[in-house]
Amino acid sequence: MSARPGVTRTGGGGAPWDAIVLAGGLARRMGGVDKATLEVDGARLLDRVLHAVEAARSTVVVGPPRPRPAGSRRVRWAREYPPGGGPVAAIAAGLRLVEAPVVVVLAVDLPFFGAAEVRGLLDRLDVHSAAVPAVPAVPDGAAADAAPVDVAVLSDPSGRPQYLAAAWRTAVLRAALPADPAGRSVRSLLAGRQVRAVPADARACLDCDDPEALAAARALPR
């Protein structure tokens, strides 16, 4: 399937890119419901995030397979091990199916994250984007400004990074994964990496990880 007008299947200096969508969490703060199937503005969270990465060369969804709307672009499914092993275990499962040199990693609960934010992350991976400040929440020493960016992370207006809205150089992400990823934090993967923030508005960064956030998303004007 060809990309939509104005959206290319490249990133980070023209490299093709894949996407991993993490959609297998237990959603305990949602009462154990399947978060991916919750709706905002009449569309499931899963479908909204998949729409944002339509330009990916290939997309892997980590979680139990769900029915897709007729005519939807094909995705590949994976499961983390052990089940419920956390986001790093899910990333490891999805990364086994990634072949592109760049990969966008997203949580399923970002209803207003769109193609524009994806392009911002991919653009920030360009080796010439040296003037962008490092994410302060993940100190990595006195990194040389001229060094290539390893990972671009979305950040909200307060500067808080969204670690599950990021674009990685695939080889760097593979190297960062621990031998046993279960229970590890996503933040730990960024230690020692060249990390750059991609500022975004509060709407794009809104993650529906509890009933209050979901209600807030549903109350926002379209």
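Predicted model: local features only at pLDDT ≥ 70, side-chain atom pairs only at ≥ 80, totals over all residues.
Residues are numbered from 1 along each chain as its sequence is written, and side-chain values use heavy atoms, with hydrogens and water left out.

Let us start with the overall layout. The protein has six helices and ten strands; these are DSSP runs numbered from the N terminus, with helices (H or I) of at least four residues and strands (E) of at least two. Of its 222 residues, 53% are buried. Buried means under 20% relative accessible area, exposed means over 50%, and partly exposed lies in between (1.4 Å probe, protein chains only). Taking contacts between residues at least 6 apart in sequence, 70% join residues at least 24 apart, where contact means heavy atoms within 4.5 Å.

Now look inside. A nonpolar core is a set of buried Ala, Val, Leu, Ile, Met, Phe, Trp, Tyr and Cys residues joined through side-chain atoms within 4.5 Å. The largest such core has 34 residues, and Trp17, Leu46, Phe113, Val118 and Leu154 are those with the most contacts inside it. Among the elements that give two or more residues to this core are strand 2, helix 1, helix 3 (115-124) and strand 9 (161-169). A second, separate core of 27 residues includes Leu22, Ala92, Tyr163 and Ala176.

Charged side chains come next. The structure holds six salt bridges, each a side-chain nitrogen of Lys or Arg within 4 Å of a carboxyl oxygen of Asp or Glu. In one of them, Arg57 meets Asp18 at 2.7 Å, N to O. Arg57 sits in the loop between helix 1 (45-52) and strand 5 (59-62) and Asp18 in strand 2 (residues 15-22), so this pair ties together parts that are 39 residues apart in sequence. Asp18 is buried, at 0% relative accessibility, whereas Arg57 is partly exposed at 36%.

Another salt bridge joins Asp34 and Arg66 at 2.6 Å, N to O. Because Asp34 lies in the loop between strand 2 and strand 3 (39-40) and Arg66 in the loop between strand 5 and strand 6 (76-78), the pair ties together parts that are 32 residues apart in sequence. Here Asp34 is partly exposed, at 30%, and Arg66 is buried, at 10%.

Arg68 and Asp47 form a further salt bridge, with their closest N and O atoms 3.6 Å apart. This pair links the loop between strand 5 and strand 6 with helix 1, the two residues being 21 apart. Both belong to a network of salt bridges that links Arg44, Asp47 and Arg68.

What about the rings? Arg203 lies over the face of Phe112, at 4.2 Å from the ring centre; a charge sits over a ring if NZ of Lys or CZ of Arg is within 6 Å of the ring centre and within 35 degrees of the ring normal.
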